[in-house]
Amino acid sequence: MLNLKLVKTCYRLAILALLCGVAQSARAAEQYTADFVLPQLGQRGTTVTVRVEGSRLQTAEEVLFYREGIRCTAIRQLNTVPHPHNGTPLKVEPGKAIELDFEIAADAPLGEYYLRLRTKQKLSEMLSFWVTPFPVVPEEHAFVDIGETRNDLPEYAQTIPFNCTVSGFGSSNERANDWDVYRVALKKDQRCTCQIISARLGTIHYGGLTDMAIEVRSPSGKRVARNNRSSLFAHDPAVSFIAPEAGDYLITVGQQMDSEIRNIHYGLHVGDFPRPTITFPLGGQLGDELDLDVFYLDGSRGKLKATLSKEVTAFEKSMVELTEISNLPEIPSPNRFQVAAFPNVYEVEGHSKPENAQTIDQHLPVALNGIIKTEGEKDWYQFSAKKGERYRVRVYAQTLGSKLDPFVWIRPAEGNPSRKVYEQDDSLWDGHDWEGHHYRHQVKDRLDPIFMFEPDADGDYLLGIADTRRESGEDFIYRVELQPHHDSLFLYYKDYPSGSSVERDVIGVHRGATQTRPFAIMNGFGSQYDGPIRLEVRGLPPGVEFDSPIFTKNDPVIMATFRASADAKLQTALLELIPHAVDENVNLLGAVAQTHASNAQRGGYSPLFNKTRKLGFAILEEAPFDISIDEPGIGLAKNAELDLKVNVRRKGDFTGAIYLEMDWLPQGVTKQPPLIIPEGEDVGYYKISATSQAATGKYRLTITARENEGGDPRSGVGFHYIGSPFISVEVTEPYLQIELQRAAVEQGKRGELVGKIRHLRKFSGVATARLLRLPNGVSLIEEPAIKYGQESVVFPLKIEADALTGQYKEIACDVKITDEGQDIHQQSGSGVIRVDEKKGS
Amino acid sequence: MKMSSNIVETFRSYRRPTVVHRGLAIAATLLAWLSFEASALGEETHVSFKNDVMPVFMKSGCNAGDCHGSSRGQDGFRLSLFGYDPEGDYYRLLEEYPGRRINRAEPEKSLLLEKATGNVSHTGGELFTVDSESYRIILEWLNQGAPHDPDEAPLVTGIRFQIDKHKFERPGSSLAAKVTATYTDGSERDITRWCLFMGSNDSVAPIDDAGVIEAKKAGGAHVFARFDKFTVGMEVTVLPEGEFDWPDPPTNNYIDELVFAKLQDMRILPSELCSDDQFLRRVTIDLTGALPTPDEYAAFMASDDADKRTKLIDELMSRDAFGEVWAARWGEWLRIFTDTNPEKGTAMLAGWNYYHWIREQMIENTRLDEFARQLLSGNGSNLTSPPSNYYTMISQGKVDPVRLSEDTAQIFMGIRTQCAQCHNHPFDRWTMDDYYAFQSFFMGVRRKHGSEAREYFTFVDVDAEPASHPIDGRPMAHKFLGGKYADVEDKDARKVLANWLTAPGNTLFRENMANRIWAHFFGKGIIDPVDDVRISNPPSNGPLMTELGRRLAQDYAYDQKKLIRDICSSRTYQLAATTNSSNKQDERLFSHSSLRRMRADVFFDCLTQALEYKHNFRRSSADRALVMFEGGWRDNFNAYFFRTFGQAKRESVCACEDQTEANLSQALHLINGKTIDDALRRNPKLIPSLLDHHDTDGPIIEALFIRTLARKPSEKELQGILRSLPETADRQTRHQALNNVLWGLLNSSEFMFNH
């Protein structure tokens, strides 16, 4: 698989191509405020100097970490960066690279830390940094392997200490990928675990997903371990073995196949740490003391003692790391363990048929713990439930590293009058209390079924579980929780209309200006709440005002605006936005459920992503302009258009054009393409229209503006995003309806089309009307005027001698009504004109 | 056996099915005659719709694909193709338009008869006359009220030629074949006159509509008879005129004995044994996809070990390249597809892992039955469980039991069942019942997304409903092709199928595997194409086919290396390509070595090897075209080459996708294209190196011959080339001239072909 001998020749040939790639890399960085952080690994209790490359970093001031444990203690501008392929200093433009010192606390939890970088103008994209228990050893020849400066072949293997984390780099080119070989000395019978972290580092800005492989050979050249995909970490491989002999072992890592991605980074943990793959059981009740059966990656089995805490909080906090609750020593990426408020039930063998289903004595909720040990085995349980109860049935297997691909079902037992049968193989993201496109965001958690069990009769029910593939084994472990249901609500960033999704997955409010964010609302799994919702914000720094209209079920999004005072302190914060039922008697759990893609693979799919319940927030320095919209004096009638007057307030010497777009609109209301207010002008008119299907009512609308030039439209880097304060627009019934009569006209003569008027709403002034979609050769002589109360209108027509004869449908009229000083255009009518030949011709 | 004793007088009169009792055959025959006579005298005789009327349709061509048997029928009237749906045919005759096609009041006025006899305008013309037996059968049936058959009416259980092989002693004679049908009630019937006949080689032994076989010229052929849903074959040999002395050539093993027996039977003399250098080149290319190196050539030619050919075979089979040759073939047969396309269910990573798994199986010489079992039982992730890609690669997009069952039959048994999806196979024994009962094995295959867009999980729903028959919707219980019903209760039906398929006694699998192996070394299968096994395409040497399959499965436990060793060690494989007067026309009986154009990937590798040119495949870490896991298209610098030289596109599992015929485009590409030209220009090391070591041109020319053709030039060739070279000591000029020599060698047909 890892064909090493090719590299010798191909790398030499690749150098030129790689050098050409540098320029491209530098240009690509323009699209991001923070493109990447390197290294992405640091040892606990040390201070690590990292480099962030991106753009417009001259005013970098702060790093926002999403959890405690790391502090950024210094930020320095860089003039050069290492060449990405040969390491030589490469001069960079100002603001393209900075150096930061990360002070990692001695007690910092291991694992991933989400972070964002704040400049005076931006809060950057989400990056991540990982804390390891081991000293970090950089790959010595991290660049193109050539001559003696290489580590791609066994004879050039880099010697590394045992119990370390290698921070490595894999350069890729058109032909083949980089393989790195490390040498580590082992004693006979010593355990060695090698664990890769690469896909999980996140490669979205590198444009691809990594599929790494590990291969280990003993001193005698025998292959002792190989892996390219692990049950615990999906894309990231891991191996663990007991050294069969003493001596130097060669660990080869690299992309497992000819790849189309560009450069990859990885961490390689090499040490004697145990690597559990799975435990039995996979969870327990609060306060339990458990003896866990443990399966290790090296093939051994053992026991662990676990003590569970006595409290659990909402959502995923019930998932704890095995190292937190057991005597397992600290290891990188420990197994997770599910903690519940209800008791465990363990399977008793001999329940493989419905007629000998294992009876559950206690009433729900419970957690069923078992193993599918033989091919095609089905485990059956019988329990009682009452009509009206609601449970979320959630299976934990793949989520926690089990090899089982569970399929679960519930059906009424004999004597139960219910006829409902539940069957579930997989789950959607909402079952996990996260949003995510079902296709784009696939991870192995999704293979574990989740469904709502809502018994419609009192009585006994049978629950069965099996492997979809009919596969089996001692480590095909499952845990089925029948969890009590609680209604919940979640919200996440609505895709922004004009892209900029990466940049706009943050809230950056400029001093003295408004920032507007539409959020999508998602009902929690099994929840049926459809009443009005209000937003609560927590963690808002001083000097920022928050406003959010009440959300009703007719709205596509819930809006939130943040306005910073002119003297608010530039800083970052993590916000909690909590949706509540307006009715305080309705008890809903609510939280943010935001995912950020951390990987992208060919086709734009992002299988791995970061999940946060908090939103990155920053107060930024003043923007060069501000906007507002005049409240319209009239409503927006159905089948009518309305021009919204937008005012730009320029600051300093900024005169550039402004690009504006509505943040959201109610259903049935459409908008024009983005409005651009030309350079130097301060007023623009943004046209919105209502269809006949629009729901009448008052809506609070906003517009977001940015400079028309000077930034990257895809990412938003380089632009200031400014929201308008809310305006109120009412969608109303139309003013009038005109029913056009059928008319027959003759070539070369004059004719007329009569419309009968039905007034729906009073208007002041005089309206004018013109005809639309007239046939060739037929024209309106004069636009007739219409006053309120008038019952009909006559359209005088001129028919040319060569007008095309025939019958023409869909003749409509456009009525221009001036009300409260504003022009409203409304379309109405559907008439028919027949053009006849000139008589006698 | 003399020809005259074999002439069978066909029984040309119609009579009803007659029960043949054991020991009373003569009496039964007499009774049958009496019965016929009674019928002929006008006494009431029951005419069966299925057994009497439908054969008329078949024989007259009414239900053929170009007539009323087409899917849309003809002129508003449709019959089932070759009569696969008697119920439907009965309905359309009588009930679709009541009174139109059948006139019960005046049967002679029935449109059915009026059209068939040409009294009423008929696109198909006059099919029979009013005094024909066909007319009388239908009229009698109409006179009886055009009844449908009762449930207990006998059905055909099989047909057979009276003799299954016949040898004409010389061209110019003929034989009237006789075909008999057996029925569910135990009766038999001469159905010769109702059969459709066809031959496999009309230039040797054509057969006419009446079943008379004519011996036209010396050679071998098969003739076939079709009746109801059955097809049977008969082997016909026409011996050449004149004396024939079998020289009793030496044999190396059982293969030679069986091949030579056939040749002796056919009065064909095998060619002589090939030379050592021919053998070296032939077997090295076949076993490793590469040319012998100059060192290998020198060592082999210098060896005087009597067993050196066998030792060479063993050494070549021990190389990884041997496994890679077979991985490349299986990669095509199994359609390894590497486009990362979640909609199709394929992914580059999956293809990569799949290929490398196959490569490993081939290098480690996994038993073929085990290999097939793993593929058919493939479960789980396409990324981590490579065999599961069997269910993502051959059936891309959504899981398709139709495709899976058809392709499985074709890949592992060489049987093309596609015809039987819509009608009983016209040239084979497969019926629609067989087709859908076999499809049932795949009805439970399911596929779902795994942990990411690239990943698919394949699994089986053991409770899935079997396939249903498209005509009447009845569930088709799982039934092995040509075998029994399967017990799949609470089992993965695919595993049940795999166990049946790979059982040592299953001749369908073992002979197909043996035949595919055979075809690799001879360029032609004993049954050819290797994946078109049918009654109407019989083996050219049945005993050989049988024995190869038996050895592979029973003696060698599906260790393909052992069979390959037998093949390569045989004198048959080692025969020269040079023919003699008796075998120059033979293309099927392996009396001489065939000229085989190398596969596209092997040819590319041989080119680069001969040139000592290291080709950098674009977007691939492969060092040879043979190991490009997805074929050559990925190397878009040379995609044109692979396309031109017929590399399989992997659009189907058909072995025919790997095209190895030579054509003008290939010759033009080699002459004018950049493949050779670029290599000669970019890699000037070979000739300079030879110039460094040799002061004269002769040894250099010899070295170039050995590199390309694995032989030394003949004196005539050497002198001819030397005469064409400029007489100069200028190195650059010599270099250019020798480049031209190399160019000429690479463009020779001797280089392009394995021989």
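Leaving aside neighbours within four places in sequence, Gln410(B) is in contact (heavy atoms within 4.5 Å) with Ile415(B), Arg416(B), Gln418(B), Asn512(B), Arg516(B), Asp531(B), Val653(B) and Cys654(B). The model is predicted, so local features need pLDDT of at least 70 and side-chain atom pairs count only at pLDDT 80 or more, while totals for chains, interfaces and linings use all residues. Residues are numbered from 1 along each chain as its sequence is written, chains are lettered from A in the order in which they are written, and side-chain values use heavy atoms, with hydrogens and water left out.

Gln410(B) belongs to helix α14 (residues 401-413) of chain B, and with 4% relative accessibility Gln410(B) counts as buried, a word that stands for under 20% relative accessible area with a 1.4 Å probe and protein chains only.

Turning to aromatic rings, the whole structure holds 59 aromatic pairs over all chains, where rings of Phe, Tyr and Trp (its six-membered ring) pair if their centres lie within 6.5 Å. In one of them, Tyr355(B) and Phe629(B), the centres are 6.4 Å apart and the planes stand at 45°, so the pair is tilted, the term for planes that are neither under 30 degrees apart (stacked) nor over 60 (edge-to-face). Both Tyr355(B) and Phe629(B) are buried.

Two arginines lie over ring faces, which requires CZ of Arg within 6 Å of the ring centre and within 35 degrees of the ring normal.

| Arginine | Ring | Distance from ring centre |
|---|---|---|
| Arg700(A) | Phe726(A) | 4.3 Å |
| Arg447(B) | Tyr456(B) | 5.1 Å |

Notes:
Buried means under 20% relative accessible area, exposed over 50%, partly exposed in between (1.4 Å probe, protein chains only). Helices (H or I, at least four residues) and strands (E, at least two) are DSSP runs, numbered from the N terminus.
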